Amino acid sequence: MSKLQRVLTTALPLLLLCVAAYVLHRELSHFRREDVAAGLASVSSRRILLALAVTVVNYLALTLYDVLALGHAGHRIPYPRVGLTSFVGYAFGHNLGASFLSGGSVRYRLYSAWGLTALDVARVSAFNALTFWLGLAAVTGASLVVEGGGGVLSLSTSVAHGVGAALGLLLVGYFVACATVRKPLRIRGLEWTLPTPARALAQLVVSCGDWVLAAAVLWVLLPPDSVSLPSLTALFALAQLAGIASQVPAGLGVFETVMLSALTPHVPTPRVVGVLLVYRFVYYLLPFTVAALLLAGHELLQRRHHLTRLAKVVHSSFAPVVPWAASAGAFVAGTVLLFSGATPAVGERLALLRRLVPLPLLEVSHLLGSLVGLSLLLLARGLQRRLDAAYVLTQVLLVAGAVFSLVKGVDYEEATLLLVLALALAPFHQQFYRHTSLFAEAFSPGWFLATAAVVGASVWLGFFSYRHVEYRNDLWWHFAFSGDAPRFLRASVGVLGATVVAGLAALLSPAVPRTHPPTPEELRRVRPLVASAPESMASLALVGDKSLLLNDTGTAFLMYGVSGRAWVSMGDPVGPPDAATELAWRFRELADRHHGWACFYQVGPGALPRYLDMGLTLLKLGEEATVPLQHFSLEGPERKGLRHGMRHMEREGWAFEVQPREAVPELLPQLRAISDAWLAEKHTREKGFSLGWFSPRYLEQGPVALVRKSGVLMGFANVWAPDTKEELSVDLMRYQPGSPHGAMDFLFTSLMLWGRQQGFQRFNLGMAPFSGFEARALAPMWNRLGALLFRHGEHFYNFQGLRQYKEKFRPDWAPRYLASPGGLALPGVLAGVASLVSRGLGGVVAR
């Protein structure tokens, strides 16, 4: 191709587009924008819906092009894949132009994933092009023969019939060639086999149906009886042919010029323009948008593994700054809502609301939108402090604020901002992990000043916006769609009132408890006390989730947690009796200074007088099982079940060992894998406070008991083994999924035998909740309720099964109590204990 030819080839589409633009400008120069808007409005919604339905049928018919082409090429692909590829390919080809290249590229991208080569895709595209031109010739020829132009095309009847007959002869020639020529044809080095007559007939039917349906989309949008469908089909085919020849994407401008010139004598020009605009949207833009989304979804699905890894990297990179960003975003969103409530609504949008929204709903939405704005300002502090409650409330209020913004003034810009912020925060719930009360967090002076400044600025902005409105007492009670100033006054009073209430609540709230996890120095100081404690429960101090309170001499300590107003000590204070009593009183005084309720969870019977002297109420929690180890053995008829279980496990290759604390770090990866698998199988999560959880620092504090099968590690338990050797116990006990039921018995029994050899006095099996309660008529209500739960609470917890399991070891039972304030404080105390043990109130209802 010469240089001149290349220049002409490039310039021709631009020249045709300029000519089309000039013709369109000349045709439309006599009309105003209002005339075109009236033409758009004249297209009824019923006709638009009918055009959408015909468009759907047309694009379904288009998928048959690829079905026929793949059948001719000898490839079998499931129809859903063919339909997706065909729809996306034609939607892109219709809108981007150069359908063979744009649609072919899409086809190659999709079909290649299902085994087709580039040559196969080229053959499919060529077959589709042939089918397309067959239909164009058939539809145009038939329309010209039947209608003779129909008054739409400026052709004489004889010329129209002649052209139609010529197109018919071309079709006959094609069918004759398909019936007689069976040898492959070579075109530009490629072999091409003509289809069978039956497939050629299918090509003709599918393509004709496509052309008629495509023209019908435009036809149903035109006024009734303005032009017949056959005449419009011939005109439509000619306009499409002109658009294809121009090489302008989607024939934009060229198609409209031909249609406008031909239809104007039959339909008013503004109405034709409106119909063509609707047609462009229905037949081109809407399918293209859907196809682009489908292609994007397909590509994302193909790369989901890479995207998942990328999302994890992005998540981990942004996670540390999310609380600060969320706080700033919430503060900005609250400011926007307050300022929006203080300024007038847009007149055109208010006119739309007048037709759609009742006045009371608009008034309420305006007030609630301002209150949501104030709430977001206050919640921003909680987001900065990583509070779980602040996160949940912020998400709810962002969505609610978006709804209120739309209802009060169609403020879609505000609604978009709020919803985008909510969606951006959605993946980062884990960054807001603190379960502290929102109002327990102190607002800094700077935060108070910033909030007051925003509220004050919104009030000033409102008075400035409505400075032309004369103040009257009846403004407060004036309700109307145009009553922006009264709405501002009512919203301002609501916001200021809520601000005063929030400020008074903050001023009158008790001092914030300054609790903190134990420091390394505190852990160093309590470790000798834990080692010399008579009860193994003292090892819970080393978990690191409870605050520590030590006496001045360092001879006693108390571990505790705070949830709401409940200050909960885990067990009795550890240390000499006198020092423990003094520390208990000190703990109660500390809680009282913070307006809290001091209580002691799982205390034993030995120190009950101490708590009675403190004025606390005792509630029995259950009974604790301890097995004396001096004479523990597997001999005798009462140990028959344990003895047989041990021998069976040993025959199966199970073995037991205890590794000292020095060997624990090397075992941590294996222990972590077992722990994670155990949690996943049980569909549960880590607990806390009265139980430990998997923490490398915690597990390294003491020895670990292991069970192996044929040398493979199957389970473990971290051992509480104080130096006094009075009491031995375990905390975490976890094993691989699929382990036999006897694995737990094997570990417990082996550990008891090991403890006896090491000189320990007893083995603590832990507490059986609500065990040992009396259900007598004169018993306290708490005891009767506990007895009822023990007997009939198997739907919540296997209380009786736990007691029966521990009974097989023939333990001694001792009661355990909760010492707490009575009366109305008791429900709050119980909720606080449950929240601490479950690591948040959400864990009380979740496993």
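Author: In this predicted model, Tyr283 has a relative accessible area of 4%, which is under the 20% limit, so Tyr283 counts as buried. Tyr59 is likewise buried, with a relative accessible area of 5%. The two residues belong to distant parts of the chain, 224 residues apart: Tyr59 lies in helix H3 (residues 45-73) and Tyr283 in helix H11 (residues 269-302).

A pair of aromatic rings is described by the distance of the centres and the angle of the planes. By the pairing rule, the count for the model comes to 22 aromatic pairs. For Tyr59 and Tyr283 the ring centres are 5.5 Å apart and the planes stand at 45°, so this pair is tilted. Both tyrosines also belong to one aromatic cluster, formed by Tyr59, Phe87, Phe132, Trp133, Trp211, Phe236, Tyr279, Tyr283 and Tyr284.

Another aromatic pair, that of Tyr560 and Trp567, is stacked, with 5.8 Å from centre to centre and 10° between the planes. Tyr560 and Trp567 are both buried.

Pro230, by contrast, is partly exposed, because its relative accessibility is 33%. This proline is located in helix H9 (residues 229-246). Between the C-alpha atoms of Pro230 and Ser143 the distance is 5.4 Å, although 87 residues separate them in sequence.

Two packed helices are described by the angle between their axes and the distance between the axes. Helix H13 (residues 322-341) packs with helix H16 (residues 388-409) at an angle of about 25°, their axes being 12 Å apart. The two helices are therefore roughly parallel to each other, and H13 passes H16 in a left-handed crossing. On the H13 side the contact is made by Ala330, Ala333, Leu337, Ser340 and Gly341, and on the H16 side by Thr394, Leu398, Gly401, Ser405 and Lys408. By class, this contact has four nonpolar, five polar and one charged residues.

Helix H23 (residues 640-651) and helix H26 (residues 742-758) cross at roughly 105°, and their axes come within 9 Å. These helices are therefore roughly perpendicular to each other. H23 contributes Leu642, Met646, Met649 and Glu650 to the contact, while H26 contributes Gly742, Ala743, Phe746, Thr749, Ser750 and Leu753. The contact of H23 with H26 has six nonpolar, three polar and one charged residues.

Key. Residues numbered from 1 in each chain as written. Predicted model: local features only at pLDDT ≥ 70, side-chain atom pairs only at ≥ 80, totals over all residues. Heavy atoms only, no water. Axes fitted to C-alpha atoms, helices over the stretch in contact; angles between N-to-C directions. Helix = DSSP H or I, 4+ residues; strand = E, 2+ residues; numbered from the N terminus. Parallel < 35°, antiparallel > 145°, perpendicular 65-115°, else oblique. Left-handed = near helix turned anticlockwise from the far one by under 90°. Contact = heavy atoms within 4.5 Å. Nonpolar A, V, L, I, M, F, W, Y, C, P; charged D, E, K, R; others polar. Buried < 20%, exposed > 50% of the residue type's maximum accessible area, 1.4 Å probe, protein only. Phe/Tyr/Trp six-rings, centres within 6.5 Å; stacked < 30°, edge-to-face > 60°.
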